[in-house]
Amino acid sequence: RLSKRLEAVVNYIPKGYRLADIGSDHAYLPCFAVKQGIVTSAIAGEVVEGPYQSAKGQVASEGLTAAISVRKGDGLAVINSGEVDVVTIAGMGGALIASILENGKNQLETVQRLILQPNISAISIRTWLRNNGWELVAEDIIEEDGKIYEILVAERGEVDKSYVHLEEGLLLGPFLLNQQPAPFLKKWDREMRNWQRILSQLEKAADSEENAIKIKELHAKIHLVKGVLKENE
Ligand code: SAM
């Protein structure tokens with residue numbers, strides 16, 4: 001069985017699209033997508049030897065070597081131009097995902113859809129998408145084993161449409177902000193508690209200009225998030 005997190009990513013793969021899953025590790029996601037008949041072929045990319053071997057082993061043991069091409073290389077470099085329609089990148093930090101997209105712009109030229117699942121810092125991805133002509137078309141948020149994961153879906157197009165208020169839109173996500181599902185409220189409640197904890201430590205620490213700046217930034221972030229959460233209305 002696929003994890004709830006990866007299933008939430010697979011949910012957004014349009015049927016019949018050609019898939020590349022970057023940072024695929026065991027290649028669970030492409031194996032599942034092929035077995036479910038969502039895609040007919042896929043590429044699993046991995047930059048590290050161990051996970052690359054795991055991906056090859058998994059694909060072979062499931063009898064999917066004809067459908068899934070396991071390739072070793074950095075980010076989107078494993079894709080040839082025009083080869084795929086949808087790219088999934090899951091289970092990494094948002095900054096790393098954004099750098100993979102930035103370094104692979106050439107390979108993205110013919111890609112229709114990106115499905116991205118950052119473990120942290122979704123803001124880095126939203127910022128990259130916005131600056132590079134990708135429009136956020138959907139967002140999802142799920143909880144699994146006590147952890148909360150965001151899923152961002154983007155297509156080429158209008159950039160500004162979905163961001164009514166840019167600052168909170170980039171941080172919290174325009175769709176999630178609008179819907180505010182339970183895992184979303186839980187995530188930002190956790191974040192704010194964490195910021196409060198850091199804030200009280202900083203306020204106890206010795207006066208310094210650096211601390212003063214951090215304190216001001218944290219107050220601003222807490223104020224921003226508190227101001228938009230519906231439970232605080
Ligand atoms: N995508 C799977 C998932 O969500 O369960 C695996 C996530 S795993 C935590 C992250 C994987 O990304 C690791 O196997 C790592 O080797 C791979 N990775 C990190 N940077 C990469 C890059 N630049 N190109 C390809 N793979 C990368």
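The model is predicted, so local features need pLDDT of at least 70 and side-chain atom pairs count only at pLDDT 80 or more, while totals for chains, interfaces and linings use all residues. Residues are numbered from 1 along each chain as its sequence is written.

The chain holds 10 helices and 7 strands, where helices (H or I, at least four residues) and strands (E, at least two) are DSSP runs numbered from the N terminus. Its radius of gyration is 19 Å, close to the 17 Å that the globule rule gives for 233 residues, so the chain is as compact as a globular protein of that length. Here the radius is taken over C-alpha atoms, and the globule rule is 2.2 Å times the number of residues to the power 0.38. Along the principal axes, the C-alpha trace spans about 60 × 35 × 30 Å.

Around the ligand there are 17 residues, of which Gly 23, Asp 25, Pro 51, Ala 90 and Gly 91 come nearest; a residue counts as near if its C-beta atom, placed from the backbone, lies within 6 Å of the molecule. Two or more residues of this shell are given by each of β2 (42–46), β4 (86–92) and α4 (94–103), and β4 supplies the largest share, 3 residues. By class, the shell has 9 nonpolar, 5 polar and 3 charged residues (Ala, Val, Leu, Ile, Met, Phe, Trp, Tyr, Cys and Pro count as nonpolar, Asp, Glu, Lys and Arg as charged, and the others, Gly among them, as polar).

Two packed helices are described by the angle between their axes and the distance between the axes. The axes are lines fitted to C-alpha atoms over the stretch in contact, and angles run from 0 to 180 degrees between N-to-C directions. For α4 and α6 (residues 122–131), the angle is about 25° and the axes are 6 Å apart, which makes α4 roughly parallel to α6 (angles under 35 degrees count as roughly parallel, over 145 as roughly antiparallel). The contact (C-beta atoms, placed from the backbone, within 7 Å) includes Ile 97 and Leu 101 of α4 and Ile 125 and Trp 128 of α6. It has 8 nonpolar, 2 polar and 1 charged residues.

Helices α9 (residues 182–204) and α10 (residues 209–228) pack at about 155°, with axes 10 Å apart, and are therefore roughly antiparallel. Among the residues in their contact are Trp 188 and Trp 195 of α9 and Ile 215 and Leu 218 of α10. This contact divides into 10 nonpolar, 2 polar and 5 charged residues.

Note on methods: Parallel < 35°, antiparallel > 145°, perpendicular 65-115°, else oblique. Contact = placed C-beta atoms within 7 Å.
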